[in-house]
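Here is a short briefing for a first look at this structure. It takes up a helix pair, then the ligand and its surroundings.

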Amino acid sequence: MQVYDLIQKTIRKEKLSDSEIQFLIRGFTENQIPDYMMSAWLMAVRCQELSPEETAAMTLAIRDSGEILDFSEIPGVTVDKHSTGGIGDKTTLMIAPIVAACGGYVPKMSGRGLGFTGGTIDKLESIPGFSVNLSRQDFYRQVQKIGCAVIAQSGNLTPADKKIYALRNLTATVDSIPLISASIMSKKLALNADCILLDVKCGSGAFMKTRESAFALAESMKSTAIAHGKKCSAVITDMNAPLGMAVGNALEVREAISILRCEIHNPLAELVIDLSGRMLALSSSDSLQKCKYNALKALRSGKALEKFAEMIAAQGGDASVTDHPEKLPHSRASKILIADRSGYLASVHSEEVGLACLELGAGRTSANSQIDPGAGVIFLHQIGDEIRKNDILCEIHANSEALCEQAEKRLRAAIQITEMSVPERQLIDSVI
Ligand code: URA
């Protein structure tokens with residue numbers, strides 16, 4: 001088998017067999033295929049796409065490059081969730097304890113933020129003492145004992161994905177639906193939960209900027225999951241504006257705690273109940289309506305908050321933050337942004353907010369850069385709210401006033417106030 005011939009086949013849109021795809025993935029992972037040849041094949045895929053069968057074969061070849069987890073000792077059905085990432089997406093912090101409080105088992109491996117998108121792991125690490133690195137045995141034991149654990153991707157999971165993703169980053173081949181689908185689903189299949197809920201973000205702050213591309217990615221990922229024996233459902237959710245009120249690691253943990261404490265009820269809280277209900281419905285025989293009701297009951301009764309505290313304590317963190325969120329890290333400086341006119345909050349450009357938060361120190365510009373856990377932005381209004389001149393639009397937090405001032409201009413430009421009223425934002429676009 002020659003790599004050259006396989007590149008030509010993909011350029012001509014001729015289907016590669018499973019063994020040809022395995023040959024490419026294994027050869028590259030084991031350093032037998034050089035970067036320049038793999039780059040050429042990835043670019044051919046980027047331009048000509050892969051069939052669903054080829055995407056499924058690539059997913060399996062990447063999954064099989066490393067360890068596959070085994071939750072067979074868990075006395076119940078395990079359920080995982082994947083969000084394709086966005087600005088202010090803190091849903092895992094609430095969903096994992098809600099589902100666990102309803103009797104579900106949620107083993108979750110999450111990522112760190114890179115560029116303008118945040119990562120659940122950085123958010124959790126803003127809780128004093130919280131460890132995202134559990135041994136496999138401790139991970140299994142915690143899921144079995146308390147129903148949820150959220151850790152960083154670790155060990156020998158999908159080494160092929162790490163190598164291929166690094167090359168894609170350098171060769172303008174990240175934004176390819178089959179490559180994204182294979183990358184994400186290989187990790188989901190290696191984690192190996194019984195059920196998977198996919199939350200595909202769509203809009204200015206997401207990988208998928210259009211509904212068409214979000215649908216295509218969701219369909220590709222869902223069909224791969226189902227082909228490999230997983231129960232799976234996918235939702236497309238809006239990422240044209242940040243999710244919730246806070247963007248920035250500790251600020252987002254505070255917002256999650258406020259929702260778990262039932263101090264605020266906003267569209268984010270509704271989304272969290274909806275997604276939790278869907279995860280419970282995937283992993284049980286109850287109707288979706290009943291599962292959503294159970295999720296709401298777990299939230300309202302305080303059981304989900306207790307479960308979050310239990311998870312924090314089990315992972316070495318200071319669980320008293322759930323009663324005293326002021327113990328979470330703070331930045332040294334803050335500034336408020338005042339509305340310069342009256343009207344209605346029509347849009348908040350999420351990518352711009354993500355970039356402003358990156359400048360404030362809340363995100364990473366490279367994999368090794370340090371983050372300021374207290375930095376970020378808190379919005380005081382939702383899309384559709386009436387705004388009066390001189391109302392506070394948002395609070396900006398960073399470690400210096402200069403950083404706050406620098407972000408102010410970008411944030412002001414990201415916030416659009418119109419004279420015409422605008423409809424309330426619908427977070428769930430569609431269910432697939
Ligand atoms: N997230 C991943 O894990 N892989 C991609 O290719 C894109 C987003």
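Helix α5 (residues 91-101) packs against helix α14 (residues 303-314). Their axes are 8 Å apart and meet at an angle of about 110 degrees. Angles of 65 to 115 degrees count as roughly perpendicular, so α5 is roughly perpendicular to α14. The model is a predicted one.

**The helix contact**
- From α5, the contact takes in L93, P97, I98, A100 and A101.
- From α14, K303, A304, K307 and F308 take part.
- Sorted by class, the contact of α5 with α14 has seven nonpolar and two charged residues, and no polar ones.

- The side chain of R168 has an N or O atom 2.9 Å from an oxygen atom of the ligand.
- For K187, a side-chain N or O atom is 2.5 Å from a ligand oxygen atom.
- S183 places a polar side-chain atom 2.6 Å from a nitrogen atom of the ligand.
- The ligand exposes 230 Å² when taken alone, and the protein buries 86% of that.

**The shell around the ligand**
- Two elements, α8 (159-170) and α9 (177-191), each give two or more residues to the shell.
- The most comes from α9, which gives four residues.
- Y165, R168, I180, S183, I184, K187 and F207 surround the ligand.
- By class, the shell has four nonpolar residues, two charged residues and one polar residue.

Note on methods. Residues are numbered from 1 along each chain as its sequence is written. This is a predicted model: local features need pLDDT of at least 70, side-chain atom pairs count only at pLDDT 80 or more; totals for chains, interfaces and linings use all residues. Side-chain values use heavy atoms; hydrogens and water are left out. A residue is near a molecule or strand if one of its heavy atoms lies within 4 Å of it. A polar contact is a pair of N or O atoms within 3.5 Å; within protein, one must be able to donate a hydrogen and the other to accept it, and residues adjacent in sequence count only if both atoms are side-chain atoms. Accessible areas come from the Shrake-Rupley method with a 1.4 Å probe; for residues, only the protein chains shown count as cover. Ala, Val, Leu, Ile, Met, Phe, Trp, Tyr, Cys and Pro count as nonpolar, Asp, Glu, Lys and Arg as charged, and the others, Gly among them, as polar. Axes are lines fitted to C-alpha atoms, for helices over the stretch in contact, and angles run from 0 to 180 degrees between N-to-C directions. Angles under 35 degrees count as roughly parallel, over 145 as roughly antiparallel, 65 to 115 as roughly perpendicular and the rest as oblique. Contact means heavy atoms within 4.5 Å.
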